Every structure is written in C-alpha cells, then in structure tokens.
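Please open the model in your viewer and keep the selection panel at hand. The tour below goes from stop to stop, saying at each one what to select and what is there.

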There are 2 protein chains.
Amino acid sequence: MKYRILLSGAFVIILIGVTILFAAGSDLHEQAVANFSPLPESILSKDSPITPEKVTLGKMLFYDTRISVDRTVSCFKCHWINLYGTDGLRKAIGNHYRINPRNAPTVFNAAGQISQHWVGNRTTVEDQAKKALLGAGSYGLASYEDAKKNLKAITGYDALFREAFPQDTAPVSVDNFASAIGAFERTLVTPSDFDAYLKGDTTALSPEAKAGLKTFIGIGCVGCHGGTYVGGEQYQKFGLTGPYWKATGSESIDSGRYVITHDESDLYKFKVPMLRNVAMTSPYFHDGSVDSLVDAIRIMGTLQLDMTLDASQTEAIAAFLKSLTGDIPETARAVPALPPGE
Amino acid sequence: MKYRILLSGAFVIILIGVTILFAAGSDLHEQAVANFSPLPESILSKDSPITPEKVTLGKMLFYDTRISVDRTVSCFKCHWINLYGTDGLRKAIGNHYRINPRNAPTVFNAAGQISQHWVGNRTTVEDQAKKALLGAGSYGLASYEDAKKNLKAITGYDALFREAFPQDTAPVSVDNFASAIGAFERTLVTPSDFDAYLKGDTTALSPEAKAGLKTFIGIGCVGCHGGTYVGGEQYQKFGLTGPYWKATGSESIDSGRYVITHDESDLYKFKVPMLRNVAMTSPYFHDGSVDSLVDAIRIMGTLQLDMTLDASQTEAIAAFLKSLTGDIPETARAVPALPPGE
C-alpha cells in the first residue's frame, strides 16, 4: 500500500514535471498566438481599394517633391523607404525647413493602425496624405486648389491619373492623389521572422528572441503592444509612473492628444506606436529624444510598468524586437522615374 | 554622237541623283558617328576601380542623410534618382535650407565629364563627393573628422566598409566614403535610343528625331554638345551674342568660372552641360531659370549661335534630345535599406 502511494506520488510528480516542461515550450507559442497576429499581405480598405495602377501612381506621387509649396517636400522626405519609412531625425522637417512638433512615424504597416500620427489627428493613410498637402510643416500649400494646379502642371501625370481612376471624368484631384498614395502605402507590409513564428515555425526565433518575447508578454508590454502591428491600436498616457520628460530627457513637454481634444484625461496621451521594424527606426518616442533601442526599452519599463529592467531583460526584449524587422516591401523597392517638369 | 552625249549626260545626272539620295540617308548616320560616341557600360577610373562591394556601400551612402551636419542632406537630396539625378529645383537646397548658388547637375553619366559642377570646381565624382561633406550648401560639416565620426556612429557601416576596402586597416574613412560613392556613380550610365542609332540601328530614331539631329549638327550645336555625353567636355561663355540673363530672365548674374579662376577670360563661362536625359531634368541652365526644353533650345540658338530657330526646328531638336533619355540605371533602381542609427 505504502509502495503504491509512493509510486503514484512519483508518477504525479513526473506528470507535473513533464507538463511544466511541455508548457514552457508550447506555452510561449500559444501565448504569442493569443496576443499577436501575423501581418496580412496588404492592408485593405473598402473605401480605397488597391489596384496596380493606383499603386504605380501612388508610388510616384510618394516621391514627388514638385507638388509642395517650395518643391522640397514629398512623402518620401519624412518617410524614406531606406530607413523603413522614417527619416532618422528627432523631429521631421518640412517645407522651408519648418520643424514639425513630432518624430516622423513610419508609413510601413501604418494603414493598419486605429489612426495616423502620434496624437491620432489623422484617420486613415489617405486622410494623412491629403491633409499633408496643407500641413504647415509638410507640403505647406495654401489650398487644395494649389495642390491640384501643381499636379496638373506636370502634364505626364494626366494619363497616369486616368489609368488609375478610369471612372472619373476629372481624375487629377486631391482626393485621388490621396487615394493613390494610400493604395501604395497599403502595400507597404513587412512580414518578418516573428510572422513565421506566429504561423507555426517555432524555429524562426532565436532562443534569445524567445526569451525576450516571454519577458515582453510576462511583464506586460503586450498589454499595449499587441495585435498584428505590435501596437498602433490604442492611446495611452506616456509616463504612468511619472513625467516622461524626466526619463527621456525631452527638450520640451508635449501634451500629447490633449492638444487635439482639450480633454484633461488626454494629457500626455499618445497613440501606442507599432513596434514593427522598430530596430530600424531610431530615434525613438514622439520627439525622437532617445537614440538607442535598449535605452528606449529600459525607459518604457520604468515609465509604464514601474519596473527596473536589467541588461539581460532589455537585451532579450531587443532581440525579440529585432525579429519584427521585415524586408523593404517589394512594391517600394524600385525607384520610379517621374514625369518631367515641363 | 549627239545621241551618245545625251545618253551619257543622262547617266551622269542619274548618278548624281542617286548619290545625293544615298548621301541624305547615310550621311546623317556618318555625321552622327563622327560627332558622337555611344555610352560605355560604366565609366571606369584607374584611381577608383568599381567593385560590387563598393557599389553596394556607395549606393547606401548616397542616400544616407545621417552623415550631414543636420541629418537632412545626402547625395540623393540634390540628385534624386527619380528625376534622373536632379532635384527639380532652380537651385539646390542643402543643410539648414541653405540655397546653393546653382542648379543641381545630374549625377547620371556625370563621371565622364572633364570636371564636376557648373564651373568645374570639382575634378572627379569622387572629389565632388568628398568635398560635398564640407560644402556650406551641402552636408555642411566643419571637418572631415566630423564626417568620419558620423560614419562611425552608424556601426552597421563598419562591416560594409571592410568588405568594400579589404586591404585597408582603417577602412571607415572620408576617402573611402568618396571612393564608394564614386564607384556607384560610375555605374549610373543611361544608354538610350540614340546609342542604338550610333551603333548602327538607323531605325532607332524617329523621323522627327533624325530631322532634329540633322539640325543639331547642321546649325552647330554639336560644336559644344558632342562626344559621348553630348556635352560635358569643355567650358564656354554663356551668351556669345549678348548677356545671357536678358534671354533667360535670370534673377541674378552669375560670373561663372571667373569666380574660381579670377581670370577675365572666364567671365560667364560655364562647363557645357551634358544633354544626356536632358528632357527629364527641367528646369534648365546653371540657375534653373528656364522651365521648358523648347524654350531652352530657342534661347541657346539666340545666345550661342545668333540664330532665331522656328518652332519646327526647336520641336525637332527637342525630339532628338528626347532620344537621349535612357532608363534609370539598374544599379540605382532598388532602394537600399540602411543600417539603423544605433
């Protein structure tokens, strides 16, 4: 009897041990799948369907500075393809060297977010592209009429707009400018090792990246940085444990979404940025105040989770975040020749 | 006897007629071959050999704004690939929105010229790339040491410089920056229909382009705009028949090469620009004062040849010049991802 109890006790212990071991392996993948989704092939919109003709035109317009007030600003200026849709500056610089209030967010995978810009004052990528035409710190045009005039001045665009918008009687329009750029940006999707992992290839992440993923989920980063885009789905106060600018060394204090809503509860709230390709898009935060990814991770631990992360934790999270780096999207790779300016 | 004379007379007349007809067809091609040469595959330099590793690195550096004083200027800024190595501006704009004295000349086929820049104050493309680092209106750095520091700050470049310059013990240097960019630019060659024509395919040019070529040679444009690059081989006074600024409507008077040599005979002399891809690189002249290619042709007729060209002549010459438009070079087409800024 005593022997049987001992035996069954040993069996239970072995069973628990196997379960723990099994859980440690499969659990992480299950947790990942529960918290994240792989990227789609492109980011669809009912209102702005993607066609090859629109993508071709949109990509050209994306690069064309000649539409802006001083012929120096295009989407590319602040969202250059080479740096994964960002510009390497703390704050974006627009027409006549006007410095924008915030860091240029990436256009890669951007169409999937709840809104555009750090404070969500643009709805879709199309809305962003259209309003950029009048943005004081971007294209700087006085009116949409001026934008249309500049588009029409480059006569080579006429045929391209007609091909992209065959139903329209007057296809060269600001809305179609935005729709074409939107269609192009909706193709800027960057699947990475992490997507392969989510789809079932558990060897796609290195052991260090897996350790980072485990920490990322375990300590609660995933609470905000989850979903398909590892962020981009909600607004949160930056600095839950104290003023963010003391941790980031920011040169000025940005009230965040409050500047749009004038609602006290939005003070210092920003859209949670996507972390797709984050290892390629230094400097970090809404004001580009922090250069290093590891520093940014450490600061987030302090400011949002009230945790002091040690070097092994920040390095592991950085390894996980590096697994979010995809390739430059196929549609964006070849530089398009633009119609001449005559 | 009288009959025989008449017969041989008729024979001579027929012979002359055939010769004239034959000459009208073959002559133009012969004249073209005598005055122009097809583009090489790449523009070689004994001092700066082209290797794939140098081209890869050079292309990345070509785009990278993070080396410049305010992180806004790269070669690409003034020589964007999309507009055939120009920027669509009257005068190039550099760091801190500093406006340069002249229009940005193309980097396509540029390595083949006698010198770089409108007044020839840069020798090779490598010399241009190196000195651009200190140029007040370009990268704006205080010293080559600063340039090296900025290059080293992007640690991902270290391995790329080592691959491109395997013999060097300290490969991350300003000279190697210039050499890599030079190697890339030496591949930016744009063969066009005109090259096919020069190589013997006489159907490669349209009848109008041939008429334009005939006029181009016949009235003397070719005197300066000849050779492989259809220019770029000599310095000439702009405005042989009178002040150029009266014809171009220039906002200010540029003394040209005189500002470099302080030699009275260089007053208003500029390097004769290449006309390769000229139809794609509006606006025209050293100050970008003229928008339209046809206007530029007409003005050149007046200023340099003392001729009033009619519309059929300018249109035909424009058709010929359009045959000088090649494709964006293969090496330049794919946008390179850059090492992140950490």
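Where pLDDT is low, the predicted coordinates should not be read in detail. This is a predicted model, in which local features need pLDDT of at least 70 and side-chain atom pairs count only at pLDDT 80 or more, while totals for chains, interfaces and linings use all residues. Residues are numbered from 1 along each chain as its sequence is written, and chains are lettered from A, with ligands numbered from 1, in the order in which they are written.

The C-alpha trace of chain A spans about 95 × 45 × 30 Å along its principal axes. Colour chain A by secondary structure to find 14 helices and two strands, these being DSSP runs numbered from the N terminus (helices H or I, at least four residues; strands E, at least two).

Next, colour residues 52-189 of chain A as domain 1 and residues 191-322 as domain 2, bounds that come from an automatic or database domain assignment. The C-alpha centres of these two domains of chain A lie 27 Å apart, and 22 residues of domain 1 are in contact with 26 residues of domain 2. On the domain 1 side of that contact in chain A there are ten nonpolar, nine polar and three charged residues, where Ala, Val, Leu, Ile, Met, Phe, Trp, Tyr, Cys and Pro count as nonpolar, Asp, Glu, Lys and Arg as charged, and the others, Gly among them, as polar.

Bring chain B into view and select the contact between the chains, to which chain A gives 31 residues and chain B gives 31 residues. The side of chain A that touches chain B has 18 nonpolar, eight polar and five charged residues. Chain A can be laid on chain B with an RMSD of 0.0 Å by a turn of 180° and a shift of 0.0 Å along the axis, the superposition being by least squares on the C-alpha atoms of residues with pLDDT of at least 70 in both. The two copies are therefore related as by a two-fold rotation axis. To place that axis, select A:A334, whose C-alpha, at 2.2 Å, comes closest to it of the residues of chain A.

Select A:S282 and A:P283, which are joined by a cis peptide bond with omega about 0°; A:P283 is found in the loop between β2 (269-271) and α12 (293-305) of chain A. Finally, go to B:R71, a residue other than glycine whose phi is positive, near 60°, and which is found in the loop between α2 (52-63) and α3 (75-78) of chain B.

Note on methods: Two residues are in contact if their C-beta atoms, placed from the backbone, lie within 7 Å.
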